[in-house]
Amino acid sequence: MKIGKASRRILSAAVAGAAIVCGTLLTTAPEASAVTWKYTMHTDDGDPGAVIKFQPSGDYVQVCDIEADGKGAFGVVYLNGDPYYNLIAGGKGNCATTNANYHNLPEYKTIAFKICLSGYSTTSGLKYCDSAAWYNG
């Protein structure tokens, strides 16, 4: 099948336009490092070893281990009082991040969050926990 000059120009313009749109969509998706966190909470130890962060726009949740103390970070997100999911990070500077693509949170609701240090010889292995309820709206 032979394609005329005009058809080739239209096809080339369509392909170029599609490439620009796709490139824009891919480059404007925010990375976790580019997220501005609305809420932040640390563990309750004297020199906090872990942090949990939440940005309602996109349902971004991040849990980070922020101390070289041999303990890990353990974060839990609760819906209606029940654990919905948890994130675990170990080793200073390491983080675990999720967003609405993986864990969609209900809009215009208060969501409960918990952050703990893990790796203790307690029944649960958790210590220095802190909890908060943040609005997702």
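## A walk through the core and the disulfides

Start by selecting Ile52, Phe54, Val61, Val77, Phe113 and Trp134: these have the most contacts inside the largest nonpolar core, which has 19 residues. A nonpolar core here is a set of buried Ala, Val, Leu, Ile, Met, Phe, Trp, Tyr and Cys residues joined through side-chain atoms within 4.5 Å. Buried means under 20% relative accessible area, exposed over 50%, and partly exposed in between (1.4 Å probe, protein chains only). In soluble globular proteins, nonpolar side chains tend to be buried together.

Before you go on: this is a predicted model, where local features need pLDDT of at least 70, side-chain atom pairs count only at pLDDT 80 or more, and totals for chains, interfaces and linings use all residues. Residues are numbered from 1 along each chain as its sequence is written, and side-chain values use heavy atoms, leaving out hydrogens and water.

Now color the strands (DSSP runs of E, at least two residues, numbered from the N terminus). Among those giving two or more residues to this core are S1 (39-42), S2 (50-55) and S7 (109-118). The largest share, four residues, comes from S7.

**Next stop: Trp134.** Which residues does Trp134 touch, leaving aside its neighbours within four places in sequence? Contact means heavy atoms within 4.5 Å, and the list includes Tyr39, Ile52, Phe54 and Phe113.

Now show the rings. Rings of Phe, Tyr and Trp (its six-membered ring) pair if their centres lie within 6.5 Å; planes under 30 degrees apart count as stacked, over 60 as edge-to-face and the rest as tilted. The whole structure has seven aromatic pairs. Tyr39 and Trp134 are stacked, 5.0 Å centre to centre with 10° between the planes. Tyr39 lies in strand S1 and Trp134 in strand S8 (residues 126-136), so this pair ties together parts that are 95 residues apart in sequence. Phe113 and Trp134 make a tilted pair, at 4.7 Å and 35°.

**Last stop: the cysteines.** How many disulfides are there? Two, taking a disulfide as a pair of cysteine sulfur atoms within 2.5 Å.

- Select Cys64 and Cys95: their sulfur atoms are 2.0 Å apart. Cys64 is buried, at 4% relative accessible area, while Cys95 is partly exposed, at 41%.
- Select Cys116 and Cys129: their sulfur atoms are 2.0 Å apart. Cys116 lies in strand S7 and Cys129 in strand S8, so the pair ties together parts 13 residues apart in sequence.
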